[in-house]
Amino acid sequence: MTIRHTRRVFLSAATMMAAALAATACGSPQDTASGGGDAAPVKVGLVYSQSGPLASYGKQYIEGFKAGLDFATKGTGKVGDRTIEVTEADDAGDPAKAVSAAKDLIGKGTKIIAGSTSSGVALQVAPIAAQNKVLFISGPAATDAVTGANKYTFRSGRQSWQDVVTAKSFIGDAAGKKVVVFAQDGAFGDANEAAVKAVIGGAGATVSSVRAPASATEFTPFASQIKAAKPDLLFVAWAGTTAGAMWQTLDQQGVLAATTVVTGLDIRASWPTFGAAGSKISFLSHYFDGASDTEAAKAAKAKIAGGTLDLFHPDGFAAAQMVVRAVQEGGDDVDKMVTALEGWEFEGVKGTMKIRAEDHALLQPMYQAKLTGSGTAFTATAQKTLTGDESAPPVAQMKG
């Protein structure tokens, strides 16, 4: 575990204090703090993947967080006269390291923990938050189980249910439709198949699957099975270095021309793996550069190197907005922080975001997208935007 400690101090917070607002359930993340003379810093711990298999996601998360903190505090890095003091810890995608880092930060007086690039990490940190009564804002981790985990746990990104609901939107009314899930054997494939059966199958579709060994390199037999099934929708859940060969085979065997094929649009660096098949696939997307044109998106683009937003920048940005809201309304009282976040509606990078009070799901826009281009130069464009209500998961029972 490595820890990087950052403290930013500014001469004056006068611009933040100019227009103090009363607490409401709906407001802007830039709303200025109502004050308080205590100049002690607010300690915030970010435990996320600086290294490991999800380091690229973690990099986007921290870039988004820094841009969001600048936006939400109007460039001061403060709430009232209190500096937001951020300590970063690398969990490397390892739940044990994440738990150790979180406990260490809590032991040093940190009452707000954010991050969790990995779902496995988020599910281990959430109980720690409840046990110690600290605020936990999970990041890119998509597992549905984070929603409703306990009263102290929130999320700044989307969850798997919202992904699959977006996939369902490509076929409209699912009743009577045939859906095939094409995925690798293993936990990742199991989770995606279960989600499609719950969301799209639950809406009346017949869901079956074609599964391939994770070690497979020849995909023609699987393409033949898919074509024979004649689905109205093919949902592809794939990870790893064989993705390029898999997509090429589906294209060559006519699968992409025979049905609507939907998969998730990953970070920009992965787009070339689709090759010529990219323009024939329908993508569900959490976010990509140009998907929105909000003030928050403009602010993020201005702060992030290269000016190009990617998949998980909004998650970090929203986390910072939530941290500032929590401190503005709750001070050092974590239960008041929780109350301030429950039901809060704000404008993020993606647009209107709302934290559902009952289970802390983060309702947010989701996107249908298309890729155009070739080689290493691809562009994503939004075909349709689903509102937070349209992509909302069912209410989960709060567990603690």
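Biologist: Why is the pair Arg211 and Asp185 called a salt bridge?

Modeller: A salt bridge needs a side-chain nitrogen of Lys or Arg within 4 Å of a carboxyl oxygen of Asp or Glu. The closest N and O atoms of Arg211 and Asp185 are 3.8 Å apart, so the pair counts under that rule. This is a predicted model, in which local features need pLDDT of at least 70 and side-chain atom pairs pLDDT 80 or more, while totals for chains, interfaces and linings use all residues. Residues are numbered from 1 along each chain as its sequence is written, and side-chain values use heavy atoms, without hydrogens or water.

Biologist: What makes this pair a link between distant parts of the chain?

Modeller: Arg211 sits in strand β9 (residues 206-212). Asp185 lies in the loop between β8 (178-184) and α6, and the two are 26 residues apart. Helices (H or I, at least four residues) and strands (E, at least two) are DSSP runs, numbered from the N terminus. The whole structure has 15 salt bridges.

Biologist: How do you know which domains the chain has?

Modeller: The bounds come from an automatic or database domain assignment. That assignment gives domain 1 (42-158 + 291-363) and domain 2 (162-285). Their centres, taken over C-alpha atoms, are 31 Å apart. Ten residues of domain 1 and six residues of domain 2 make the contact, meaning heavy atoms within 4.5 Å.

Biologist: What is buried between domain 1 and domain 2?

Modeller: About 700 Å², 47% of it on carbon and sulfur atoms. Buried area is the accessible area (1.4 Å probe) that two parts lose on being put together, summed over both. Arg158, Asp310 and Leu311 supply 54% of what domain 1 buries against domain 2. One salt bridge crosses the interface. Arg158 also pairs with Asp163 in a salt bridge, at 2.9 Å from N to O.
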